[in-house]
Amino acid sequence: MSEQAKLHQNSQTLSLSFESSLIQSCMSLADPDELVLDYTRAMMGFLLLNPAPRSVLMIGLGGGALHKYIHKHLPETDLTTVEINPGVIELRQDFCIPPDDERSRIFCADGAAFLAKPTHQFDVILVDGFTGDGIPDALCSPGFYRRVKAALAPQGVMVANVQADTEQTRDIMKRVGRVFDGGTLSFESDEGGNDIVLAASQDALNAAAQAFEPRWDALPEPHKVTLAAASTRLQRALLKSLRPS
């Protein structure tokens with residue numbers, strides 16, 4: 001049974017929550033395409049590994065912040081978003097999410113089931129699926145992460161939003177590390193309640209760590225603005241993840 005999605009609006013923002021009081025997504029009314037929450041900006045850190053992915057899969061729509069950002073700022077990227085809750089998808093106009101087109105689409109489906117039979121391999125998979133009780137087991141099991149890896153292109157990147165400093169998060173890091181042969185890192189969002197887990201091949205992480213500055217300099221200005229607050233945390237995590245190839 002899908003949870004009831006609730007909207008909260010003030011003079012500056014429109015927010016989404018479920019049964020708990022935790023804010024799942026937030027949109028600026030003045031700039032609907034801006035990434036308001038730090039964890040969403042931090043999730044775009046995959047751009048330091050792949051600044052121009054051919055295809056991105058998102059598990060979890062929420063208020064569509066990441067979907068909108070990718071649609072606007074990565075115009076050559078094919079974008080698929082999977083959301084299990086039809087009530088969330090019904091709010092797409094409230095959150096100014098663009099209609100489906102030839103390069104982007106939103107499916108109402110179970111993300112774990114979708115990954116069991118993916119449409120193709122993806123360069124980036126973003127996992128941001130929460131209920132009012134946290135991350136459902138189906139989106140953080142060992143089998144789920146194995147399906148994520150199988151659905152990634154050879155140099156693909158997974159980025160997952162998880163709750164900070166919980167037993168579940170520690171288990172998730174162990175699972176992801178085993179599935180990705182140790183090619184994983186995490187760093188905390190500025191809001192304090194979220195960790196960003198990034199997984200890729202060790203070669204890809206090493207390359208991003210060793211060439212961070214030139215890759216940063218090559219990013220288009222909108223991405224630099226988005227990633228500015230998280231860049232030091234990401235670079236520190238990349239350097240800490242350095243291992244022999």
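Which helices and strands each supply at least two residues of the lining of the largest pocket? I looked this up in a predicted model, in which local features need pLDDT of at least 70, side-chain atom pairs count only at pLDDT 80 or more, and totals for chains, interfaces and linings use all residues. Residues are numbered from 1 along each chain as its sequence is written, and side-chain values use heavy atoms, with hydrogens and water left out.

**Pocket.** I found that β3 (23-28), α1 (38-43), β4 (55-59), α2, β5 (78-83) and α4 (111-116) each give at least two lining residues. β3 contributes the most, three residues. I took helices (H or I, at least four residues) and strands (E, at least two) as DSSP runs, numbered from the N terminus. The lining comprises 37 residues, and E83, I84, G129, F130 and T131 lie nearest the pocket centre. I noted 21 nonpolar, twelve polar and four charged residues in this lining.

**Helix α2.** I checked residues 65-73 and found seven of the nine buried (under 20% relative accessible area, with exposed over 50% and partly exposed in between; 1.4 Å probe, protein chains only). The buried ones are A65, L66, H67, K68, Y69, I70 and H71.

**Helix α6.** I recorded T169, I172, V176, G177 and V179 as buried. They cover an arc of only 165 degrees around the axis, which puts them on the same side of α6; the arc is that of the directions from the helix axis to the C-beta atoms. On the face turned away from this buried side I found the exposed residues K174 and R178. After α6 comes D181, with a positive phi near 55 degrees.

Notes: 1 Å grid on protein atoms, 1.4 Å probe; cavity = no way out; pocket = protein on both sides within 12 Å on 5 of 7 lines; lining within 4 Å. Nonpolar A, V, L, I, M, F, W, Y, C, P; charged D, E, K, R; others polar.
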